[in-house]
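Have the 3D view open as you read.

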Amino acid sequence: MTRFIPLAAIFISFIVVGSCFLFRRATKSVQSKTIEKNGNFLSIWNYDGRIAYEDIINATEDFDIKYCIGTGDYGSVYRARLPNGKVVALKKLHRLEAEDPSFDKSFRNEVKHLTEVRHRSIIKLHGFCLHKQCMFLVYEYMERGSLFCTLRVDVEAVELDWSKRVDLVRDTAHALSYMHHDCTQPIIHRDISSNNILLNSKMQAFVSDFGTARLLDTDSLSNFTANVAGTYGYIAPELAYTLIVNEKCDVYSFGVIAVETMMGEHPGDIVSTLWTSCGEDIMLHKILDPRLPYPRENSIARSIVLIVSLALACLSANPKSRPTMKQVSEAFLARKLPLAKPFHEISLAQLRDNNRLWLEGRSTEASSRLSDEQGLVSACPVKS
């Protein structure tokens, strides 16, 4: 009886080994089908376990044009309602563009950066699909669209009141400060414009479109050379004669956004004349969006003065004279003193000259003028 035990043990061992082999083959087969079926879809953040590839295709009827809500530099954006009722935005790279190495690089660049950032005022990436026949990003859906479009529709522009505009500029500043100073590797966006500031249902701002973003050295914010990228009217002037890019390019673009938000339209030629001695002095209240009521609340008036003052510093033609986004962000957190001068008597030249004092390091003289002569804002840019 005992001599049959080894035979039984060998037989059982064969069964166990065989079962494991068959199980591994079956598992491998299932995994292979899943990858092929889902087109290498990878879910980063999701709602109910995962976002299925089939859900995206069905929700857009294979990206039918009737679901398209806009076009970007390298793809179209679609609105899709998933089976769980959640609405997402999809940025899809067109097939011809997917074959272009530059567009493919921009797409993968956006995936790379958005998987690394975590900030409440930066658009959230839920997932993505990387496949040679179908490449798309799954974003948090922004109900109100872009700041650019909102400012150009009177009804929506009025809804975006002074309080919301102040919050919008402040949140954008915090997001850029986070990108430049709080990420493991600093991120330069390179295309900050009102088209890339998106608004949710509460008209809160979110920075989007990281297709042209670049990483800087971990140790310090240093320059790098690259082809000119960005939107006309928001690009820093030094890029017209040099390809050297650093974080001060984003600072300049932020300055344009801040003034545009206060004016209700792109500032245009005002930007080029702000830091020159020629031209007439412009009163601050004269450039504000006429569709909104005159800002009579002291807190709103102080915030508008602060925003325009910071924006003028950011728009300096000399990039070394611009504050950092960290300084701008901190200025919003500092205590603001009451205006010692009536709001309607404050001019852009006064704000500009006050910034020059700070940027030249004459903080004592600037503080004196703030409290005694101009009384404009208590939190101004400091020497960078």
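Which backbone nitrogen lies 2.8 Å from a polar atom of the side chain of aspartate 250? It's the backbone nitrogen of histidine 189. Keep in mind that this is a predicted model.

**Around aspartate 250**

To find aspartate 250, go to helix α8, which covers residues 247-263. Aspartate 250 is buried, yet it has no salt bridge. Why no salt bridge? A salt bridge needs a side-chain nitrogen of Lys or Arg within 4 Å of a carboxyl oxygen of Asp or Glu, and the nearest side chain of opposite charge, arginine 190, is 7.3 Å away. If you leave out residues up to four places away in sequence, aspartate 250 touches His180, Ile187, Ile188, His189, Arg190 and Ile192.

**A cluster of rings**

Now for the rings. How many aromatic pairs does the structure hold? There are three.

| Pair | Centre to centre | Angle between planes | Type |
|---|---|---|---|
| Phenylalanine 63 and tyrosine 78 | 5.2 Å | 70 degrees | edge-to-face |
| Phenylalanine 63 and phenylalanine 136 | 5.5 Å | 55 degrees | tilted |

Where do these rings sit along the chain? Phenylalanine 63 is in the loop between α2 (53-59) and β2 (68-71), while tyrosine 78 belongs to strand β3 (residues 76-81), so their pair ties together parts that are 15 residues apart in sequence. Phenylalanine 136 is in strand β6 (residues 135-140), and its pair with phenylalanine 63 links distant parts of the chain, 73 residues apart. Put together, Phe63, Tyr78 and Phe136 form one aromatic cluster.

**Charges over rings**

The charged end of lysine 92 sits over the ring of phenylalanine 63, 5.3 Å from the ring's centre. Elsewhere, the charged end of arginine 152 sits over the ring of phenylalanine 148, 3.8 Å from its centre.

Notes. Residues are numbered from 1 along each chain as its sequence is written. This is a predicted model: local features need pLDDT of at least 70, side-chain atom pairs count only at pLDDT 80 or more; totals for chains, interfaces and linings use all residues. Side-chain values use heavy atoms; hydrogens and water are left out. Helices (H or I, at least four residues) and strands (E, at least two) are DSSP runs, numbered from the N terminus. Buried means under 20% relative accessible area, exposed over 50%, partly exposed in between (1.4 Å probe, protein chains only). Lys and Arg count as positive and Asp and Glu as negative; His and the chain ends are not counted. A polar contact is a pair of N or O atoms within 3.5 Å; within protein, one must be able to donate a hydrogen and the other to accept it, and residues adjacent in sequence count only if both atoms are side-chain atoms. Contact means heavy atoms within 4.5 Å. Rings of Phe, Tyr and Trp (its six-membered ring) pair if their centres lie within 6.5 Å; planes under 30 degrees apart count as stacked, over 60 as edge-to-face and the rest as tilted. A charge sits over a ring if NZ of Lys or CZ of Arg is within 6 Å of the ring centre and within 35 degrees of the ring normal.
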